[in-house]
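Take a look at the structure first, then read the points by topic.

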2 protein chains.
Amino acid sequence: MTVTPALLPIDKATLPLFAGIDVGGTNIKIGLVDDTGQPVAFNKISTQQEDGAEKAAERVAETLGDMLAKLGLEPNTVARAGLATPGPMNLATGQLLKPGNLPGWHFAMVRDLFSKATGLPVTFANDANAAAFGEFWSGAGAEVQNMVLVTLGTGVGGGIIIDGRLLVGAHGAGGEVGHIVIDCRDDAPPNSLKLRGTLEGYCGAYGVEARARAALETTGAKSSLSELDDESLTPLAIAKAAEAGDHLAMSIVMETAKLLAIGLASIIHTVDPESVVIGGAMTFGGEGHPLGERFLDEVRRQTSVRIFESLRSEVHMDFARLGGDAGFIGAAGLAREEHRG
Amino acid sequence: MTVTPALLPIDKATLPLFAGIDVGGTNIKIGLVDDTGQPVAFNKISTQQEDGAEKAAERVAETLGDMLAKLGLEPNTVARAGLATPGPMNLATGQLLKPGNLPGWHFAMVRDLFSKATGLPVTFANDANAAAFGEFWSGAGAEVQNMVLVTLGTGVGGGIIIDGRLLVGAHGAGGEVGHIVIDCRDDAPPNSLKLRGTLEGYCGAYGVEARARAALETTGAKSSLSELDDESLTPLAIAKAAEAGDHLAMSIVMETAKLLAIGLASIIHTVDPESVVIGGAMTFGGEGHPLGERFLDEVRRQTSVRIFESLRSEVHMDFARLGGDAGFIGAAGLAREEHRG
């Protein structure tokens with residue numbers, strides 16, 4: 001196990017620190033974040049989810065101890081930990097329910113387990129919500145008080161910040177924007193939860209692949225994608241083909257932007273944010289990449305024509321800035337919120 | 001002009017009072033509401049919108065003065081007024097923009113005008129948001145902290161309460177749930193703002209009528225509705241036919257429930273309320289009416305299959321309770337919120 005040195009010299013004025021723990025099916029990201037939202041140390045350990053949550057909590061605690069030792073800091077420099085995991089979960093009791101990618105952790109009382117192992121009070125959050133709070137605290141939403149994050153990946157998730165506070169919702173399901181419905185037809189494609197016509201069903205990785213397959217079958221258009229078997233027809237392959245000038249591939253990318261925009265119009269007319277932040281692996285290269293920028297421009301254009309005229313120049317849309325760090329930074333930020341009361 | 005007597009004897013413990021003013025295209029409702037959310041006096045004057053906002057403000061102030069005099073109360077018993085109007089508006093500056101049903105008030109600085117006329121500080125709100133806050137404060141949402149109101153009428157509007165506070169949004173467009181998109185097709189029907197595939201476009205009065213016309217044209221089904229001309233084919237006529245056993249009319253009512261449910265699924269996965277309250281003139285008779293109750297049951301059933309399993313027994317759906325009083329009660333409630341700081 002390697003422990004990174006401090007990313008920045010630690011200024012006493014930025015204490016206390018908050019620990020951010022972001023649990024995924026493969027890795028657990030662990031960061032120490034200062035009171036201004038800057039990470040001062042980071043590490044990553046494998047989840048080894050089959051060994052269960054208790055063992056993982058102990059390994060996280062050990063790693064945190066090593067990180068503090070390397071920094072020459074006392075454990076009491078850390079005021080609180082934030083723990084982000086995939087849902088579904090019961091936030092009130094601190095219990096994980098049955099997240100698909102953590103079978104070994106099902107029904108674990110994760111908040112108590114991590115609190116016991118680390119000796120810290122623990123704030124528990126949905127990982128997508130934590131990422132939204134991270135972008136709000138020190139990423140693409142740092143200058144606004146009302147923000148929506150939408151993450152495009154295998155699934156579509158997100159989180160919502162209203163007046164500087166995370167919209168958790170009455171049952172922890174606030175900001176589950178992948179499950180909003182953009183297609184009311186009875187035969188609309190189902191998503192991973194068998195809900196039909198959802199944003200995730202169209203703009204999640206499987207949705208993009210399915211639309212590409214359908215386009216290849218129904219249009220007679222020539223496309224380099226037609227040489228790929230089903231396994232190889234991934235969003236990355238589609239992006240590469242689009243970049244190489246393949247018209248059908250480009251139409252799939254642009255259609256993804258339009259379908260995302262339809263979902264964004266609903267979100268905007270519901271919570272009316274200042275800023276919509278788009279993140280995740282499936283942003284077609286994202287910021288600074290020609291295809292990613294073209295995708296974002298199309299999202300902006302297609303959203304604009306679907307929202308109130310008075311909002312068109314008011315709602316900003318940008319790529320997320322923190323990448324995979326948003327979850328642990330946001331978890332630390334939510335711990336800070338609870339610490340400050 | 002008539003002034004109603006006090007609806008209830010006034011208990012000093014329930015002071016101060018708040019004035020609630022709900023402006024519509026035809027009438028202005030004026031209420032005095034006590035500190036617990038109970039209306040103690042109510043009046044209604046015609047808007048006479050063509051005379052402009054300033055004249056109306058003066059007539060409202062005069063009516064309020066009469067109401068207080070009848071109650072034997074000093075003007076200083078009223079701590080603040082809440083003013084609800086149709087949007088769009090600029091909440092920050094207190095200026096109305098161009099609401100369709102108030103052409104004579106376009107761009108009026110209504111908050112200042114009403115404050116000057118009444119001598120009271122004024123809280124300004126969107127009328128649908130005020131109605132939502134009314135139902136939350138002393139109607140169907142009185143026992144929850146997280147609530148969504150959806151009102152079905154000519155338009156579809158609403159409001160959202162999160163953790164006991166109205167979700168105003170960054171530009172006053174929070175809870176504009178009529179404009180969420182439930183149909184991503186390019187040829188989906190447009191609503192009054194020419195936005196396509198919106199909840200309002202399907203479940204507003206014109207949407208319901210359009211679906212009935214289309215069903216009469218495309219299905220060969222026998223229906224008593226086929227005897228009506230376009231003018232007579234109203235939601236009320238459809239409701240009456242459905243109650244009389246007309247199958248096509250009933251299918252339109254049930255389809256309205258399904259389309260509403262699709263919109264509700266999106267709202268629920270965005271803000272995760274404890275309670276969804278459905279109001280407005282177009283609830284097919286509403287509470288206590290067999291067709292209204294059947295409509296609501298279908299909304300519940302169709303929503304249930306479109307949301308997370310964990311939410312199905314958790315999100316309550318009920319009819320609004322305050323009817324047309326929700327707006328002035330909620331306006332008074334929002335005034336009280338601002339008064340209490």
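The model is predicted. Chain B can be laid on chain A with an RMSD of 0.0 Å, using a turn of 180° and a shift of 0.0 Å along the axis. The two copies are thus related as by a two-fold rotation axis. The same surface serves both copies, as 100% of the contact residues of chain B recur in chain A.

**The interface**

- Chain A and chain B each give residues to the contact: 35 from chain B and 35 from chain A.
- Helix α7 of chain B, residues 247-271, supplies the largest share of the side of chain B that touches chain A. That share is eight residues.
- By class, this side of chain B has 19 nonpolar residues, ten polar ones and six charged ones.

**Strand β1 of chain A**

- β1(A) covers residues 17-23.
- Seven of the seven residues of β1(A) are buried, so the strand is largely enclosed by the rest of the structure.
- Both faces of β1(A) are covered. L17(A), A19(A), I21(A) and V23(A) lie on one side, and F18(A), G20(A) and D22(A) lie on the other.
- β1(A) pairs in the parallel sense with strand β4 of chain A, residues 78-85, over six bridges. Within this pair, G20(A) stands opposite G82(A).
- β1(A) also runs antiparallel to strand β2 of chain A, residues 27-33, and six bridges join them. V23(A) has I28(A) as its bridge partner in β2(A).
- β1(A) and β2(A) form a hairpin, with three residues between them.

**The nonpolar core**

- Which residues touch the most other members of the largest nonpolar core? They are I21(A) and I21(B), in a core of 220 residues.
- I21(A) sits in β1(A) and is buried.
- Leaving out residues up to four places away in sequence, the contacts of I21(A) include I28(A), I30(A) and V60(A). A81(A), G82(A), L83(A) and A84(A) are also among them. F114(A), F328(A) and A331(A) are touched as well.
- Two of these names return from the strand pairs: G82(A) is in β4(A), and I28(A) is in β2(A).

**A sheet in chain B**

- Five strands of chain B form an open sheet in the order β10-β9-β8-β11-β12, with mixed pairing.
- The edge strands are β10 (165-166) and β12 (316-319) of chain B, and each pairs on one side only.
- Inside the sheet, β8 (residues 147-152) and β11 (residues 275-279) of chain B run parallel and are joined by five bridges.
- L149(B) stands opposite V277(B) in β11(B).

**Helix α3 of chain A**

- Helix α3 of chain A spans residues 127-138, which makes twelve residues.
- From its first C-alpha to its last, α3(A) reaches 16 Å, close to the 16 Å expected at 1.5 Å a residue.
- Is α3(A) mostly covered or mostly uncovered? It is mostly covered, with twelve of its twelve residues buried.
- The buried residues of α3(A) include the charged-side-chain positions D127(A) and E135(A). F133(A), F136(A) and W137(A) are also among them.

**Backbone geometry to check**

- Most residues other than glycine have a negative phi, and most peptide bonds are trans. The residues below depart from that pattern.
- The peptide bond from L15(A) to P16(A) is cis, with omega near 5°. P16(A) is found in the segment before β1(A).
- G87(B) and P88(B) are also joined by a cis peptide bond, and omega is about 0°. P88(B) is in the loop between β4 (78-85) and β5 (89-90) of chain B.
- F107(A) is not a glycine, yet its phi is positive, at about 65°. F107(A) lies in the loop between β6 (95-96) and α2 (110-118) of chain A.
- F284(A) also has a positive phi, near 55°. F284(A) is in the loop between β11 (275-279) and α8 (290-304) of chain A.
- Why does F107(A) count as exposed? F107(A) has 11 C-beta neighbours inside 10 Å, and a residue is exposed if it has 12 or fewer.
- F284(A) counts as buried because it has 24 C-beta neighbours inside 10 Å, where the cut-off is 20 or more.

Technical notes. Residues are numbered from 1 along each chain as its sequence is written. Chains are lettered from A and ligands numbered from 1 in the order in which they are written. This is a predicted model: local features need pLDDT of at least 70, side-chain atom pairs count only at pLDDT 80 or more; totals for chains, interfaces and linings use all residues. Copies are superposed by least squares on the C-alpha atoms of residues with pLDDT of at least 70 in both. Two residues are in contact if their C-beta atoms, placed from the backbone, lie within 7 Å. Two strands pair if DSSP finds at least two bridges between them. Helices (H or I, at least four residues) and strands (E, at least two) are DSSP runs, numbered from the N terminus. The expected span of a helix is 1.5 Å times one less than its number of residues. A nonpolar core is a set of buried Ala, Val, Leu, Ile, Met, Phe, Trp, Tyr and Cys residues joined through C-beta atoms within 7 Å.
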